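This report concerns the salt bridges and the nonpolar cores of one protein model. Please consult the sequence and the structure shown here while reading.

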Amino acid sequence: MKKRLISAVVALAIFIPLIIVGGIWLKIAACVLAVLGIKEFLDLPHKNKRPIYIDVIIYALTILLVFMNEKREIYYFLTMLVPLLAVIYCNDNKKYNADEAFKLIGMTMLVGTIFYGFTVIREKSLMLFIYLFLITMLTDTYAHLAGTLVGKHKFAPKISPNKTWEGAIVGGIFGTLCASTFYYIAIDSNVNVLGLLIITLFLSCLGQLGDLFFSAVKRNHDIKDFSNIMPGHGGVLDRLDSIIFVIIGYILLSGII
């Protein structure tokens with residue numbers, strides 16, 4: 001517990017100032033997190049041992065996606081084309097094949113685009129950035145409390161045995177109400193309240209699905225955490241699993257990318 005608390009305090013001490021300052025420093029921090037996140041994907045157990053240059057390509061493409069500018073189509077095109085061309089260059093189906101190339105394209109697109117989205121949303125509004133994080137933090141907190149106190153009916157026992165329907169429902173309700181209240185007070189008091197509640201509830205549900213998705217990935221590879229970069233908390237993908245899906249939902253709803 002002490003190790004977990006210290007890790008959380010250190011992480012907050014580093015990232016809260018960067019989020020407040022924003023700009024290039026947040027961009028660099030997002031790039032570092034993206035590289036660490038893609039490394040966690042690359043380090044998952046695989047049947048085949050990839051040539052090292054494949055990993056170098058994926059790291060480079062992830063960095064490009066985080067730093068991409070208005071000509072985003074070029075970066076997406078490179079991310080799709082280069083890993084596929086590497087299949088031909090490698091010419092060894094037992095080491096690197098088209099199936100793995102498509103998996104790496106998906107991983108790179110997801111991680112690179114999400115961390116790029118972090119920086120775009122922060123540039124748009126610090127309060128909006130906080131609102132999206134509040135959705136996941138409050139949903140997770142209330143879901144854990146409710147699941148511990150009154151949870152009886154398992155939500156997805158084969159993926160995450162500790163999650164319950166009671167926790168998911170209470171987390172969704174309180175996460176939605178609290179985050180929507182923050183939005184109304186700090187961002188826009190003229191917003192359509194019903195629409196705000198519906199959108200926030202949708203994002204809260206997506207966050208919970210994101211948690212389950214990454215839990216399923218870990219269970220599929222028989223691992224507890226993606227890494228141990230934050231002792232007691234796991235890796236980048238362990239800590240940001242919910243917010244990743246919330247950002248995806250926000251991107252789809254707002255069309256910011």
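Arg50 and Asp55 are both buried, a term for under 20% relative accessible area, with exposed meaning over 50% and partly exposed in between (1.4 Å probe, protein chains only). The two residues form a salt bridge whose closest N and O atoms are 2.7 Å apart; such a bridge places a side-chain nitrogen of Lys or Arg within 4 Å of a carboxyl oxygen of Asp or Glu. Arg50 also forms a salt bridge with Glu100, at 3.0 Å between the closest N and O atoms. This pair links distant parts of the chain, 50 residues apart: Arg50 lies in the loop between α2 and α3, and Glu100 in helix α5. Helices are DSSP runs (H or I, at least four residues), numbered from the N terminus. Glu100 is buried, as is Arg50. Through shared partners, Arg50, Asp55 and Glu100 join into one network.

## Basis of the model

The model is predicted: local features need pLDDT of at least 70, side-chain atom pairs count only at pLDDT 80 or more, and totals for chains, interfaces and linings use all residues. Residues are numbered from 1 along each chain as its sequence is written, and side-chain values use heavy atoms, leaving out hydrogens and water.

## Nonpolar core

The largest nonpolar core has 47 residues, and Phe41, Tyr96 and Ile247 are among those with the most contacts inside it. Such a core consists of buried Ala, Val, Leu, Ile, Met, Phe, Trp, Tyr and Cys residues joined through side-chain atoms within 4.5 Å.

Terms used:
Helices (H or I, at least four residues) and strands (E, at least two) are DSSP runs, numbered from the N terminus.
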